Amino acid sequence: MTLTVKKLHPSLGAEVSGVNLHAPVDEETKAALSAALAEHLVLVLRDQSFTPAEYLAVADAFGTLMRQHYSQHNMADYPDIGIILHRDGQKPASMWHTDHTNRERPPKATILYGLTVPREGGETSIANMRAAYAGLPAEERRHLETLTTLNSIDAHRTDVLPEDREKYGAPVAHPLVRTHPEHGSKAIYFHITKAFEIEGMSGAASQALMQDLLDRTITPENIYTHRWRKGDLMIMDNRATMHRAHGDYDRSQDRELWRLIVQGDRPYLQGTP
Ligand SMILES: [Fe+2]
């Protein structure tokens, strides 16, 4: 099996073909997919078709499945599949973020499968946070490397089930700049509403610092915006990207994506104890 990888955008994103995800993927192909993900940060495979059981098996090509913590959105018979469905009033995640940062070992990748997509709009944008970090002045990079975020399941959300808050609510510390375990590069890493504070700073000052960083570093040249086609499979490298959904489409139309998350390592910054 030969993977073909074609860039979608100068900064990040590549379309991959030549891999069949309906059969177990051999180790060589897994390594090639992993390297392509670490380099391009977003991989897109077109014209896929999966039942829930088949979709779960897709995760195996990228790692080990992880349970998602808003359990009310998990598929009843396949709880490792999260359903992103805006029809029922579920709000699109329109702020820049990376997923599940309140976990000790947050997901290395998020996988989305476009089951039903609106005719226009409803895109997902992904920002290259490796490039965002690299674009900062050296002095600021050194300062950011000293910062640690404290993360918990979103405190402001009223739709977190008590059992999920119980399981996933304990604060977890992560470096605000993390080293990519496969690529070796560094990237800005936080989820602004899960990081309730930066150690040693007030909550308000922490939010202001993070928002300012997002505003300054996520620039059009660092963003790939994916226009969904039915059957698209998209894999995002959460260790060096942030993403957001666009809610600006005709809301009488459905938008349904199925989400998997794949276990990652504990974030670290090389050179720190
Ligand atoms: Fe997300």
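Buried residues account for 37% of the 273 residues in the protein chain, where buried denotes 20 or more other C-beta atoms within 10 Å of a residue's own, exposed 12 or fewer, and partly exposed the range in between, with C-beta atoms placed from the backbone. The model is predicted: local features need pLDDT of at least 70, side-chain atom pairs count only at pLDDT 80 or more, and totals for chains, interfaces and linings use all residues. Residues are numbered from 1 along each chain as its sequence is written.

**Overall architecture**

- The protein chain contains 6 helices and 16 strands; these are DSSP runs numbered from the N terminus, helices being H or I of at least four residues and strands E of at least two.
- The protein chain is as compact as a globular protein of 273 residues, because its radius of gyration of 18 Å is close to the 19 Å given by the globule rule. The radius is taken over C-alpha atoms, and the rule is 2.2 Å times the number of residues to the power 0.38.
- The C-alpha trace spans about 50 × 40 × 30 Å along the principal axes of the protein chain.
- Of the contacts in the protein chain between residues at least 6 apart in sequence, 79% join residues at least 24 apart; a contact requires C-beta atoms, placed from the backbone, to lie within 7 Å.

**Open sheet β9-β8-β12**

- An open sheet is formed by 3 strands in the order β9-β8-β12, with antiparallel pairing; two strands pair if DSSP finds at least two bridges between them.
- Strands β9 (172–175) and β12 (195–198) are the edge strands, and each pairs on one side only.
- From one strand to the next, the twist averages 30 degrees; axes are lines fitted to C-alpha atoms, for helices over the stretch in contact, and angles run from 0 to 180 degrees between N-to-C directions.
- Strand β8 (residues 148–151) pairs with β9 in the antiparallel sense over 4 bridges, and leucine 150 stands opposite alanine 173 in β9.

**Open sheet β13-β7-β15**

- A further set of 3 strands forms an open sheet in the order β13-β7-β15, again with antiparallel pairing.
- Strands β13 (223–226) and β15 (241–245) each have a single partner strand, so one side of each is left without a neighbour in the sheet.
- The twist in this sheet averages 20 degrees from one strand to the next.
- Strand β7 (residues 124–128) is joined to β13 by 4 bridges, and the two run antiparallel. Threonine 124 has histidine 226 as its bridge partner in β13.

**Pairings of strand β16**

- Strand β4 (residues 65–66) pairs with strand β16 (residues 256–263) in the antiparallel sense over 2 bridges. The bridge partner of leucine 65 in β16 is valine 262.
- The antiparallel pairing of β5 and β16 comprises 4 bridges, and isoleucine 84 stands opposite leucine 257 in β16.
- Strands β6 and β16 pair in the antiparallel sense over 8 bridges. Alanine 109 has valine 262 as its bridge partner in β16.

- Apart from residues up to four places away in sequence, methionine 129 touches Ala187, Ile188, Tyr189, Ala240, Thr241 and Met242.
- Leucine 115 belongs to strand β6 (residues 107–116) and counts as buried because it has 20 C-beta neighbours inside 10 Å.
- Leaving aside neighbours within four places in sequence, leucine 115 is in contact with Glu256, Leu257 and Trp258. The C-alpha atoms of leucine 115 and leucine 233 are separated by 9.4 Å, although these residues lie 118 residues apart along the chain.

**Non-glycine residues with positive phi**

- Aspartate 47 is not a glycine, yet has a positive phi of about 55 degrees. Aspartate 47 lies in the loop between β3 (42–45) and α2 (52–58) and is exposed, with 10 other C-beta atoms within 10 Å.
- Histidine 100, likewise not a glycine, has a positive phi of about 55 degrees. Histidine 100 is located in the loop between β5 (82–85) and β6 and is buried, with 23 other C-beta atoms within 10 Å.

Conventions
Contact = placed C-beta atoms within 7 Å.
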